[in-house]
Structure formats: C-alpha cells, structure tokens
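Biologist: Please place the model before us, so that we may go through it by question and answer.

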Number of protein chains: 2
Amino acid sequence: MEIINNVENVKSQMRKGVLEYCILSILAKKDSYAPALIAELKQAKMIVVEGTLYPLLIRQKNQGFLTYRWEESPQGPPRKYYTITEKGRAALQEMDQAWQDVVNSIQYIKNEL
Amino acid sequence: MEIINNVENVKSQMRKGVLEYCILSILAKKDSYAPALIAELKQAKMIVVEGTLYPLLIRQKNQGFLTYRWEESPQGPPRKYYTITEKGRAALQEMDQAWQDVVNSIQYIKNEL
DNA sequence: AATTAGTACCTTGCAAAACAAAGTACATGA
DNA sequence: TCATGTACTTTGTTTTGCAAGGTACTAATT
C-alpha cells in the first residue's frame with residue numbers, strides 16, 4: 001500500500017505543478033466560475049477541490065491575470081465569473097513554453113541521458 | 001517582470017511535481033551520487049539544488065525506494081552512491097503512468113475541452 | 001413563517017516540500 | 001598548516017494543496 005500512497009502523493013505533486021496552468025488554459029477559452037471549473041477539470045481527470053481552487057483564483061486575480069463579475073444564477077446564489085486578462089494571456093503563453101520545457105526534460109532523461 | 005516572476009514560480013512548481021520521478025528514472029539506469037545527479041539534471045534543463053536533492057534522496061531511501069553504499073572518490077571525500085531497489089522500480093512504473101495521466105489531462109484541456 | 005435542500009463562496013489549520021544559506025567533514029597540494 | 005575543492009547535512013522560510021467547517025443566497029416544502 002505504501003507504494004500506492006507515495007504514488008498518490010507524487011501524482012498530487014504533479015497536479016500542483018500544472019494546476020495554475022490548467023485554470024488559465026480553460027479560462028482562455030471561455031469565462032467560468034468555480035464549481036464549473038471543478039467539473040471541467042474532473043472531466044479532464046485532473047482532480048481539484050474547493051479549498052484549492054478558490055485561493056488559487058484569488059491569487060491569480062491579485063496578480064492581474066483574471067478579473068471577475070457577478071452573474072445571476074438560474075438556480076441558487078449569484079456566481080463569480082472569471083475572465084482572463086491580456087496579462088493573463090501573456091502569462092499563459094509563457095506557461096505553455098514552461099510546460100513544453102518540462103515535457104522535453106522528462107523525455108531527455110528517459111531517452112537520452 | 002511580474003509575469004516572468006510568476007512563470008518562474010510556475011516552472012518551479014512544475015519541476016517540484018516531477019523531481020522525484022526524474023531521480024528514480026535516472027537511478028533506474030545507473031547508480032549515482034548527489035553532485036552527479038545535479039549535473040545530469042542540469043543537462044536535462046531541470047534545475048535542482050543541494051538543499052532540495054539531499055532531503056529528497058533521504059526520503060526515497062526511507063521509503064525503501066533506494067539504498068546506498070559509500071564509495072571512495074578519486075578526489076575528495078567518499079561518495080554516497082544510491083541504487084534503486086525493486087520497490088523503487090515498482091514505484092517508478094506507477095509514476096510513469098501518473099506522468100502519462102498528467103500529460104493526457106493537459107492535452108485534453110488544451111484540445112478537447 | 002419556518003425549515004430544508006441545493007448551490008456558491010470563503011477561511012482556517014495542518015502538512016509537505018523546495019529553496020537559500022550556513023555548517024560540517026574529508027582529501028589534496030602548496 | 002592552511003587553502004581549495006568536493007561532498008554531505010541541517011535550519012528557517014515560504015508556498016501551497018487539502019480537509020473541514022463556516023457563511024449566505026434561493027427556491028421548494030411543510
């Protein structure tokens with residue numbers, strides 16, 4: 001069981017690294033709000049929970065990567081819809097490169113080292 | 001500069017997630033010791049420093065993924081050579097899958113969401 | 001009017017881990 | 001014996017994911 005536990009941990013670590021990248025990538029396509037983001041990430045098999053996502057969105061907003069607006073919900077309380085900014089798109093481009101770099105590094109280690 | 005700083009941070013986060021995986025991958029090919037590992041990771045453009053690597057090796061040893069032996073150096077103090085164990089190889093296989101899962105998730109988010 | 005269920009947002013406390021920086025120790029040659 | 005190079009370790013700080021608990025709004029049910 002220990003191996004599984006550790007691999008779960010590594011998996012969680014790997015998620016950490018790309019979560020910010022995933023959020024910006026999704027919001028680059030269309031505005032969204034927290035529970036919808038969680039559902040979309042789940043669909044991509046990238047598990048996130050509220051306690052992780054909300055602080056992350058707030059951090060990204062504080063960095064100027066996102067803005068938000070309140071929108072009425074057809075059912076329940078209003079939703080906080082996040083929109084990516086120009087600055088956020090610029091950061092996303094950098095992250096695309098960063099992600100590619102990591103993928104290349106792994107490939108190098110696996111095949112060429 | 002702020003964007004660059006944040007991207008550096010994200011890059012560092014991404015590294016975090018795969019570092020343990022990289023170490024096991026390298027040691028699966030041949031035994032090594034800390035400064036040599038640092039050099040090899042640097043060659044793969046995956047920057048790590050001593051303060052990160054040494055505790056990581058100790059953790060992996062404590063989990064039973066690695067063992068070590070002391071070996072004389074042609075120059076300087078003896079080296080601690082790490083060897084991957086069977087348990088370590090099993091964990092590495094799991095991590096191969098975990099890494100592939102993350103790659104697939106990103107791909108899904110980018111192309112199919 | 002009060003209660004319940006569903007939805008949404010936020011915060012607190014804890015644990016893990018990367019990193020910078022400083023420290024210890026051994027070997028070799030000047 | 002002192003300086004230099006190599007190697008291993010530890011300490012303190014900071015970041016961040018996550019579990020758990022809390023607040024608040026809406027609509028349907030009693």
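Biologist: Which residue of chain A meets B:Asp96 in a salt bridge?

Modeller: A salt bridge is a side-chain nitrogen of Lys or Arg within 4 Å of a carboxyl oxygen of Asp or Glu. The N to O distance for this pair is 2.9 Å. The pair crosses between chains, from helix α4 of chain A to helix α4 (residues 86-111) of chain B, where helices (H or I, at least four residues) and strands (E, at least two) are DSSP runs numbered from the N terminus. The partner of B:Asp96 is A:Lys110.

Biologist: On what conventions do these values rest?

Modeller: This is a predicted model, in which local features need pLDDT of at least 70 and side-chain atom pairs count only at pLDDT 80 or more, while totals for chains, interfaces and linings use all residues. Residues are numbered from 1 along each chain as its sequence is written, chains are lettered from A and ligands numbered from 1 in the order in which they are written, and side-chain values use heavy atoms, with hydrogens and water left out.

Biologist: Are A:Lys110 and B:Asp96 buried, exposed or partly exposed?

Modeller: Buried means under 20% relative accessible area, exposed over 50%, and partly exposed in between (1.4 Å probe, protein chains only). A:Lys110 has a relative accessible area of 28%, and B:Asp96 has 29%. Because these values lie in the middle class, A:Lys110 is partly exposed and B:Asp96 is also partly exposed.

Biologist: How much area do chain A and chain B bury between them?

Modeller: The contact (heavy atoms within 4.5 Å) takes 46 residues from chain A and 46 residues from chain B. Buried area is the accessible area (1.4 Å probe) that two parts lose on being put together, summed over both. Carbon and sulfur atoms account for 69% of it, and the total is about 4300 Å².

Biologist: How many salt bridges does the rule find across the interface of chain A and chain B?

Modeller: Over all chains, the structure holds 8 salt bridges. Across the interface of chain A and chain B, the number found is 2.

Biologist: Is A:Glu40 buried or exposed?

Modeller: A:Glu40 is found in helix α2 of chain A. Leaving aside neighbours within four places in sequence, A:Glu40 is in contact with A:Ile26, A:Lys30, A:Ser32 and B:Leu113. Its relative accessible area is 12%, so A:Glu40 is buried.

Biologist: Which residues are linked with A:Arg69 in a network of salt bridges?

Modeller: A:Arg69 forms a salt bridge with A:Glu71, the closest N and O atoms being 2.9 Å apart. A:Arg69 is partly exposed at 36%, and A:Glu71 is partly exposed at 30%. The residues linked with A:Arg69 in the network are A:Asp31 and A:Glu71.

Biologist: What distance separates the C-alpha atoms of B:Gly51 and B:Leu92?

Modeller: B:Gly51 is found in helix α3 (residues 50-62) of chain B and is exposed, with a relative accessible area of 62%. B:Gly51 and B:Leu92 are 41 residues apart along the chain, and their C-alpha atoms are separated by 23 Å.
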